[in-house]
Amino acid sequence: MAKKIIGWFYSIIILIFFYAPVAVLMAMSFNKSRYGALPFEFSTEWYRVLFSNQKLIQAALDSLAIAAVTAVLCVVLGTAMMLGQREFNSRVKAFFNSLVVFPLVIPWIILGLSLLLLLRALGLDRNYAMLLIGHVVVSFPYAVMVIGARLEDMNSEIQEASYNLGANEWTTFKRITLPMLSPAMLAGGFLAFMISFDNFVLSYFLIPTGKTTLPIEIYSSIKFGFTPEINAISSIILAATLLMITVIAVLMRSSLMRMFK
Amino acid sequence: MKKKALLVSPAMFILIAFAVVPLFIMLYFSFISDGGVPGFTLENYARFFSKPLYLALTWKTIKMSALVTLISILVGYPMAYIIAKIIKSGREILLLLIIIPFWSSQLVRAYSWMNLLRDGGILQDFLAKLHLFKGGELGILFTQTAVIIGLVHIFCPYMIITSYMTLEKIDDSVLEASKSLGANPITTFLRVILPMSKAGIVTGAILIFVPCLGSFVEPRILGGVNGSVIGTVIQDQFFEIYGWNFGAAIAFILLAMVLVSMGVMSAVNRRGEENG
């Protein structure tokens, strides 16, 4: 019993450490004072300022578009890869796997600048195509992990039964595999979306001149000093993340818990 | 045969062409002079290793990453143990609460500490109210301490999750056995629990140490002028000074540090498996 009390006490301290800065940020986005001074005075001023900041809104829309395309590409490429790789032998599979986790173990600053140098070697300027490729490379492992975990759980006998009953491969894929896989594809897509939406490093290196994304805008605002509308947009991002994580957790409850075992 | 290759190849092409090949291109550029000296040259590497400033920053980066990793172990491992072995009801909620910050924007989380740590910010007010802090300025923001706090906040969840995954697998009956054979809790911890969960700690350490080596956003935001590390030096070469080839050489040195540290840690892990 004493152990449990100490355990909960410790957990609460850790959770305060994790959540306090974020909670303060959200509270301050509703504080009237420009510099977050106390006493707290409720105001939606900074949200009003935010929504009249055209540059920030445009950056947010661009980031959403980039993240959406990245997520779709990751899910399509990842599903195809995971379906195809099942039929290879284990050594080839291990090779595929190490390629997939590769972008996870190389710091993003190295991936970003090496893609910039690739553009230079090809004689090209920074462009959205390379930016998207960069985003796909770093988001891909997350999508694959979720889709792969679900595929492993799936019983291949069901697919064999489908073949035995005379369905061809396409019908089996459309009627059996895809419906069973779709929650994982959705969850993997959400994860890839979030990685891409938040990604500062790759965008920073690869964004075309004169363009911007939300994380880049946030970064430069922070560097130039304190702007309260950054509190507001950060709070919106955090709230949206919370919502998405909840959706993923509901979609993937069983598979996610199994990933931790 | 053809179909499975067709399914796998688009993803493999992207990963090889845009994650592996660019590293070799980076290596190539690191041997080209920024100053226009023709042909291959070791100039960039010579410049890095002959300047005490760069060596000092390399050492600072390694120390910072090691400290963040160590603090994350000391803070995160007990948390993982509590979730795996002590609090059994409410475990899913706790795990979820730890995963949520892990998925929220790193940039926003680093920034959120600015509000707290600023001189005259919330933390200073709070400490003053508790009479733990008297007058003057807090003086944490724009120091190395702020960078370390921010990095631990961002990366500690990795340690909790990887340690939890190994601790959870240890059967309670093993712990009972150790106890009934007369081992006290400390002996049980050192001889049973720790060796059996070492793999999780090592994996977590890699997942923390490596990105810390390459970090530049958090040091910039929270460390200000005191935050220079290898990552910020590379960033400056690409965005301020336009010494791209020199930047490529530093990035390659960073990559070498990453690979060596991963090699060392996975060797530690393997030795543990043989002994265990």
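How many residues of chain A are in contact with how many residues of chain B? The points below take up that contact and then the elements around it.

1. The structure is a predicted model, in which local features need pLDDT of at least 70 and side-chain atom pairs count only at pLDDT 80 or more, while totals for chains, interfaces and linings use all residues. Residues are numbered from 1 along each chain as its sequence is written, and chains are lettered from A and ligands numbered from 1 in the order in which they are written.

2. Between the two chains, 63 residues of chain A are in contact with 65 residues of chain B, two residues being in contact if their C-beta atoms, placed from the backbone, lie within 7 Å. Several helices of chain A, including α1 (2-28), α3 (54-85), α6 (128-153) and α8 (169-198), each supply at least two residues of the side that touches chain B, and the largest share of that side, 15 residues, comes from α1(A). Helices here are DSSP runs (H or I, at least four residues) and strands likewise (E, at least two), numbered from the N terminus. By class, this side of chain A has 49 nonpolar, nine polar and five charged residues, where Ala, Val, Leu, Ile, Met, Phe, Trp, Tyr, Cys and Pro count as nonpolar, Asp, Glu, Lys and Arg as charged, and the others, Gly among them, as polar.

3. One place where the chains meet is the pair α6(A) and α1 (residues 2-30) of chain B, whose axes come within 10 Å and cross at roughly 105°. That angle makes α6(A) roughly perpendicular to α1(B). Axes are lines fitted to C-alpha atoms, for helices over the stretch in contact, and angles run from 0 to 180 degrees between N-to-C directions; those under 35 degrees count as roughly parallel, over 145 as roughly antiparallel, 65 to 115 as roughly perpendicular and the rest as oblique. From α6(A), A:Ile133, A:Val136 and A:Val137 meet B:Ile14, B:Leu15, B:Phe18 and B:Ala19 of α1(B), a contact with seven nonpolar, no polar and no charged residues.

4. Within chain A, α6(A) also packs with α4(A), at an angle of about 120° and with the axes 8 Å apart, which makes α4(A) oblique to α6(A). Here A:Val100, A:Val101, A:Pro103 and A:Leu104 in α4(A) meet residues of α6(A), among them A:Val137, A:Phe140 and A:Val144, and the contact divides into nine nonpolar, no polar and no charged residues.

5. In α10(A), the residues A:Leu214, A:Pro215, A:Glu217, A:Ile218, A:Tyr219 and A:Ile222 are buried, a residue being buried if 20 or more other C-beta atoms lie within 10 Å of its own, exposed if 12 or fewer, and partly exposed in between, with C-beta atoms placed from the backbone. The buried residues of α10(A) pack against α3, α8, α9 (201-206) and α11 of chain A together with α5 (106-117) and α10 (217-223) of chain B. After α10(A) comes A:Gly225, whose phi is positive, near 125°.

6. Chain B has twelve helices and zero strands, and its C-alpha atoms fill a box of roughly 75 × 70 × 40 Å, taken along the principal axes. Of the 276 residues in chain B, 43% are buried. Among contacts in chain B between residues at least 6 apart in sequence, 74% join residues at least 24 apart.
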